[in-house]
Amino acid sequence: MHNKRILTGLMIASMTAGCSALPNVGDRDNSPAYVNVVNTEEIRIRLIPQDAGAQQTNEHPAAFEPSQLEALLSSLRIENEDGRASTVTSPSRIRQLSASLSKAFVRAGPRQDVAFVVFRRVAQGQFAGSARHVTTGRAFYRGDTLHIIFGEFDDRFSEFRDMSINEFEYGSRAEPRQVGVQRLVAGESWHWHGERRDWIELEATPEAIEAARAAAPRVIESSASTAAQPLEYGPAAAGKSETGTAEPASEAPAAAESSASMTAEPAPAAPAPRDAEWSRIEERLTRLKRLREQNLISADDYEQKKDALLERLP
């Protein structure tokens with residue numbers, strides 16, 4: 001599988017090399033040392049040289065679909081101070097980050113890692129607004145495994161800090177760092193790299209990616225152009241056969257159900273507390289969207305409050 005991913009990455013990079021400033025993947029040992037791929041207010045991606053601790057070259061370029069990276073990254077959960085778990089950043093930003101990382105991996109050479117910086121907003125209370133947190137690291141692919149070494153992990157970010165991409169720490173193979181990765185909620189999609197607690201490994205086989213997708217929590221997405229709507233990850237609803245069609249129910253149970261529906265209406269099930277919380281957040285997202293559409297709040301205020309609500313998802 002990983003050989004196919006590498007060959008696909010080489011083909012994509014070769015086809016696009018003539019129309020963009022991509023590294024010359026044919027010259028595998030002379031890839032550019034630093035290449036900026038994405039540089040926005042919330043996400044920064046660049047290619048950087050392997051650090052001094054690298055004993056093997058990476059299997060780059062590697063062709064990941066954005067949806068594959070999104071499934072893996074969405075499976076990472078942070079335990080917050082209130083005991084709730086949340087994704088490393090908002091769902092929309094994970095989608096953007098995944099698309100950006102996909103571009104970077106197909107451009108990377110064997111001696112390059114993919115460095116990333118991503119921000120998230122953390123609610124500080126009803127009247128205190130939100131604080132900006134940052135997560136940074138280096139990622140590389142080898143042996144059907146996506147490696148991530150964190151340089152900073154969900155650290156509070158000072159608005160007075162230098163925003164230059166050169167000012168961030170990306171982690172190192174040779175020198176472990178004391179970062180807050182222990183707050184990651186244990187899951188089936190990743191494990192520690194030996195005794196390191198700043199380095200995780202995510203199995204990147206098709207089966208593992210699909211398992212991570214199926215296990216990812218439901219998320220709510222909202223933007224100024226679309227209404228808030230729930231998105232469900234994983235396979236189709238239960239009750240479908242392997243061919244994708246619904247399995248027919250036997251006639252006897254169907255008749256029994258019909259008879260029961262004629263005699264009495266079933267009592268509605270009481271909503272679970274988790275569902276009630278989802279409903280409240282969805283309602284607030286919808287109201288927030290309406291305020292933005294009416295230009296009653298600025299775009300920056302809208303994004304900050306939206307991210308703060310999304311961070312509260314159970």
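A nonpolar core here is a set of buried Ala, Val, Leu, Ile, Met, Phe, Trp, Tyr and Cys residues joined through side-chain atoms within 4.5 Å. Keep that in mind as you click along, and remember that this is a predicted model.

**Stop one: the core**

Start by selecting I45, L101, F105 and I200. These are the residues with the most contacts inside the largest nonpolar core, which has 39 residues. Now colour helix α3, residues 91–107: this helix gives the most to that core, with five residues. As background, nonpolar side chains in soluble globular proteins tend to be buried together.

Next, centre the view on I200 and show its surroundings. Leaving aside residues up to four places away in sequence, I200 touches L76, L146, H147, I148, F150, V181, L184, W190, H191 and W192. Then pick out I48, V117, F168 and Y170, which are included in a second, separate core of eight residues.

**Stop two: β1 and β2**

Move to strand β1, residues 35–39, and its partner β2. The two strands run antiparallel and are joined by four bridges, and a hairpin of three residues takes you from β1 to β2. Which residue of β2 is the bridge partner of V38? Select I45 and you have it; I45 is also one of the residues with the most contacts inside the largest core.

**Stop three: a cis peptide bond**

Select H60 together with P61 and check omega: the angle is near 0°, so the peptide bond from H60 to P61 is cis. Most peptide bonds are trans, and most residues other than glycine have a negative phi.

**Stop four: two positive phi values**

Begin with D144, found in the loop between β6 (130–142) and β7 (145–156). Phi of D144 is near 60°, a positive value in a residue other than glycine. Is D144 buried or exposed? Its relative accessible area is 17%, and because buried means under 20%, D144 counts as buried.

Finish at D154, which lies in strand β7. D154 is not a glycine either, yet has a positive phi of about 55°. With a relative accessible area of 5%, D154 is buried too.

Technical notes. Residues are numbered from 1 along each chain as its sequence is written. This is a predicted model: local features need pLDDT of at least 70, side-chain atom pairs count only at pLDDT 80 or more; totals for chains, interfaces and linings use all residues. Side-chain values use heavy atoms; hydrogens and water are left out. Buried means under 20% relative accessible area, exposed over 50%, partly exposed in between (1.4 Å probe, protein chains only). Contact means heavy atoms within 4.5 Å. Two strands pair if DSSP finds at least two bridges between them.
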